[in-house]
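Welcome, and thanks for taking a look at this one.

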Amino acid sequence: MQSINDQDLGTPARRAEQTVTLEVDGREVTVPAGTSLMRAAALAGVMVPKLCASDSLEPFGSCRLCLVQIEGRNGYPASCTTPVEPGMKVRTQSEKLANLRRGVMELYMSDHPLDPFECKAGGKCELHEMARVVGLERVRYADDGRSHRGAPVDDSNPYFSFDPARCIVCSRCVRACDEIQGTFALTIDGRGFNSQMSPGQHQHYSESECVSCGACVQACPTDALMEKTLLEKGRADRAVITTCAYCGVGCSFKAEIRGDQIVRMVPNKNGLPNHGHSCVKGRFAWGYATHPDRVTKPMIRERTSDPWREVSWDEALRYAAAEFKRVQRQYGRGAVGGITSSRCTNEEAYLVQKLVRAAFGNNNVDTCARVCHSPTGYGLKTAFGTPAGTQDFDSVLAADVIMVIGANPTEGHPVFASIMKRRLRAGARLVVADPRQIELVRLPHVAADYFLQLVPGTNVALFNALAHTVVTEGLANEQFVNERCDAREYGAWRAFIADPVNSPEATEKITGVAAAVVRGAARLYARGPNSAIYYGLGVTEHSQGSTAVLAMANLAMVTGNLGRPGVGVNPLRGQNNVQGSNDVGSFPHELTGYRHVSDPQLRAQFEQEWRVTLDPEPGLRIPNMFDAALDGSFKGLYVEGEDIAQSDPNSQHVAAALAAMEIVVVQDIFMNETAKFAHVFLPGSSFLEKNGTFTNAERRISMVRKVLPALAGKEDWEVTCDLARALGYPMEYGHPSAIMDEIARLTPTFAGVSYAKLERLGSVQWPCNELAPMGTPVMHVGEFVRGKGRFLPSAYVPTDERTSARYPLILTTGRILTQYNVGTQTRRTKNVVWHDEDLLEIHPHDAEQRGVRDGDWVEIASRAGAITLRARITERVQPGVVYTTFHHPESGANVVTTENSDWATNCPEYKVTAIQVMPTARRPERLPAGQIPESARLAGK
Ligand code: SF4
Ligand code: SF4
Ligand code: SF4
Ligand code: FES
């Protein structure tokens with residue numbers, strides 16, 4: 001069903017240099033060559049009736065409702081499939097056309113059950129709208145002929161139902177699944193009257209390949225495919241445009257509301273990251289926002305062994321502030337700190353770091369990006385001058401070669417994956433580098449040209465081998481390097497990389513990837529002509545995470561793949577606002593815009609705006625805070641929107657550190673693991689309950705708009721302001737727009753950003769300033785932000801985490817589509833039907849050696865701890881490597897991970913843990929969403 005106020009021009013826009021001028025119902029219109037008559041007519045202000053056409057799908061020409069007449073030609077061609085020609089004179093209205101259209105509609109309506117002029121949701125659907133448009137008032141055919149009435153409804157999907165009786169077999173759903181989502185789950189089965197839409201091979205939706213993205217539901221012009229919430233709650237009376245709060249794609253949605261309830265989330269057709277598409281999480285998994293587990297009252301307790309006591313906001317904030325001040329008096333100014341969240345808005349993250357720097361008076365602020373993409377920040381800033389992805393998402397449509405490294409876009413970044421798959425189906429070549437055979441390696445109509453199935457922890461050796469091939473086989477783009485990069489550093493790097501120690505033949509025994517495969521992939525990437533790298537946490541969460549990012553930057557520079565559409569080095573960010581929380585000063589050594597806190601001129605600007613004196617010394621990183629807590633010098637922490645007890649490595653260490661603190665203040669929407677160690681709980685607001693902005697992986701700043709009132713009465717930014725005031729530091733803002741204005745005043749890359757501009761443009765990509773008032777889709781055009789690009793040697797150093805006789809396997813981790821991080825949100829939605837436990841994937845050879853059968857419970861023991869999971873035997877993983885997801889806290893994946901971390905940024909080495917797997921009779925505890933079991937916490941060591 002279409003959402004309110006979306007105008008559909010019938011067929012997609014065409015790009016062409018040539019234009020064509022024609023006349024439609026006497027109105028002259030000029031359009032790009034290749035445009036359909038239907039779209040040309042719509043652009044001239046004439047809407048031709050249609051059913052099977054939609055401007056998000058290629059024309060199909062099946063319904064015959066859009067017939068027109070063309071002067072000088074016989075017949076009645078379908079306007080959706082007929083391209084414009086110069087000088088055409090088209091008529092869309094005549095008595096003959098009206099009769100033909102009424103006849104078509106009458107046949108459709110004769111097979112539409114119940115009251116033929118009303119649909120299930122009690123409102124208008126396109127079918128009924130078209131019946132009205134063509135003037136069909138009654139159906140002449142008797143009600144006792146053959147019909148599809150009574151066909152059983154498919155209710156197997158938790159979020160939408162399919163009623164075959166309401167289906168007009170227009171094929172829009174099939175085409176949406178093929179063209180937009182790229183899953184090919186639907187088909188039109190049978191012929192003539194017996195033809196019907198069917199998921200898979202006469203299957204229910206739940207048994208088919210369907211990934212519940214909802215594109216088919218959105219495309220359906222009738223009420224055959226419909227959201228269950230729409231059926232339950234009725235049609236919306238208004239809509240608010242906002243941004244998804246799950247992954248770093250940052251899809252734009254229309255939240256449709258009736259009264260004070262959300263009816264459904266409809267992907268925004270004008271949303272630039274997603275162009276009207278979505279995945280199952282953003283579109284359907286929003287019910288957690290009103291889940292009964294939400295904490296809506298502030299609470300305090302003096303000791304963590306005491307029960308929580310509900311108190312007023314005023315009392316909670318006064319207590320928290322008094323405790324922070326006491327701790328600072330007793331242990332020193334640096335004894336407290338704060339953690340910002342990549343789940344919260346830019347404005348909220350900015351305020352938390354401001355509170356730490358201005359009200360606590362130190363720089364002890366850090367963010368959860370520490371544990372995911374901090375090496376991206378370090379590596380890309382060092383090489384290019386900006387710690388962010390180089391391209392916009394649509395840039396991938398101009399790529400000839402796509403290299404996906406350590407990322408699993410179809411699971412982790414599904415809407416971007418759909419755009420990428422579209423480009424791959426159109427002919428782009430694909431290289432995948434991953435320890436595990438991810439879905440992209442082989443899909444309907446998509447197959448990797450090269451799959452580099454490397455041993456976890458050997459990324460740097462592999463990237464060096466790729467670059468070695470480029471340099472030694474004469475594939476370097478010397479012109480680009482000469483013009484754009486530092487010549488002295490290039491010379492040194494060239495000598496380093498050409499060393500035979502970096503050759504594919506020499507690294508083969510390290511990476512496990514055959515030299516010929518590496519050489520083939522390197523040649524493909526170097527010859528492009530447009531080659532793009534997309535990477536994820538499989539690159540960053542290593543002891544050499546930063547080196548790996550530098551190595552990818554070297555590879556892109558030496559092949560000249562930067563500074564234009566279709567190329568670049570692009571991190572796929574896990575959380576919705578990882579980029580933004582970093583941008584606005586969440587790191588202990590940097591103020592907004594990644595500028596070092598030791599710069600006196602910079603500090604002076606902030607001191608003037610904030611009216612305080614700032615500490616010139618960088619503060620503590622998260623792991624240093626934990627160490628200091630155990631040393632007794634760090635005693636107080638304000639954590640907004642993060643569950644560090646669960647998401648940081650080596651849970652026992654984190655728990656001990658938190659337990660050693662005297663004041664822990666947690667601000668969150670649910671009671672979480674960290675809150676077990678807290679003395680004050682401040683109820684947070686979900687993304688539906690506040691105003692602000694998120695910045696996605698393509699540096700795009702998008703509005704988050706308040707859809708529902710804040711359940712606890714305050715938005716998160718208001719809580720931080722109140723806490724700052726209670727600490728004696730005035731923070732006064734009437735609206736988050738004023739916070740963004742302050743960020744813009746203080747940050748050159750944000751200087752042109754304002755809510756007024758975001759309202760006008762929909763979203764904008766930073767840098768946005770006087771040099772780029774409309775934002776910057778592609779960075780480093782003509783020149784790198786830092787001037788000359790830097791080549792830095794990237795010697796491979798094996799991780800300290802080695803396999804041994806006792807721990808002979810390597811565990812690596814990843815995500816699946818339907819769950820999100822530790823499941824705090826998605827486990828409180830119907831998404832649990834698809835993934836209710838984390839499984840351990842193990843190769844048949846390793847399973848057989850250990851007597852493990854598919855479905856057996858196994859203990860996974862590392863040097864840090866032990867957990868229990870059920871085994872799934874699969875060849876997706878290579879021998880010697882096992883894999884699991886980390887969405888269910890009872891799995892306790894972080895219990896087994898070690899304290900190894902990236903040399904430059906302390907990003908934990910989540911992706912490489914030496915383990916042993918053995919069958920066990922023990923079962924993990926089943927817990928509510930958001931808790932780690934005691935047994936997992938205490939196991940091992
Ligand atoms: S929900 Fe998405 S994946 Fe499933 S059938 Fe519809 S379009 Fe295809
Ligand atoms: S389910 Fe809807 S979109 Fe699919 S064929 Fe039927 S009417 Fe068309
Ligand atoms: S792709 Fe990411 S941002 Fe888009 S709907 Fe899915 S979870 Fe939300
Ligand atoms: S809209 Fe053109 S044939 Fe259906």
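Two strands count as paired if DSSP finds at least two bridges between them. With that in mind, Ile533 stands opposite Val569 in strand 22. Please keep in mind that this is a predicted model.

**The sheet**

- Strand 21, residues 531–535, pairs with strand 22 in the parallel sense, and three bridges join them.
- Both belong to an open sheet of five strands, ordered 20-17-16-21-22 with parallel pairing.
- Strand 20 (450–452) and strand 22 (569–571) are at the edges with a single partner strand each, so one side of each has no neighbour in the sheet.
- From one strand to the next, the twist averages 15 degrees.

**The helix on the sheet**

- Helix 19 (residues 545–558) packs on the sheet and touches strand 16 (401–405), strand 21 and strand 22.
- The direction of helix 19 makes about 170 degrees with that of strand 21.

**Around ligand 1**

- The shell around ligand 1 includes Phe160, Leu186, Tyr205 and Val211, along with the cysteines Cys177, Cys210, Cys213 and Cys216.
- Also among the residues surrounding ligand 1 are Gln181, Ser212, Gly214 and Ala215.
- Helix 4 (172–181) and helix 5 (215–219) each contribute at least two residues to this shell.
- By class, the shell around ligand 1 holds nine nonpolar residues, three polar and no charged ones.

**Around ligand 2**

- Ligand 2 has 13 residues around it, and the closest are Cys167, Cys170, Ser171, Cys173 and Cys220.
- The shell around ligand 2 splits into 10 nonpolar residues, two polar and one charged.

Methods:
Residues are numbered from 1 along each chain as its sequence is written. Chains are lettered from A and ligands numbered from 1 in the order in which they are written. This is a predicted model: local features need pLDDT of at least 70, side-chain atom pairs count only at pLDDT 80 or more; totals for chains, interfaces and linings use all residues. Side-chain values use heavy atoms; hydrogens and water are left out. Helices (H or I, at least four residues) and strands (E, at least two) are DSSP runs, numbered from the N terminus. Axes are lines fitted to C-alpha atoms, for helices over the stretch in contact, and angles run from 0 to 180 degrees between N-to-C directions. Contact means heavy atoms within 4.5 Å. A residue is near a molecule or strand if one of its heavy atoms lies within 4 Å of it. Ala, Val, Leu, Ile, Met, Phe, Trp, Tyr, Cys and Pro count as nonpolar, Asp, Glu, Lys and Arg as charged, and the others, Gly among them, as polar.
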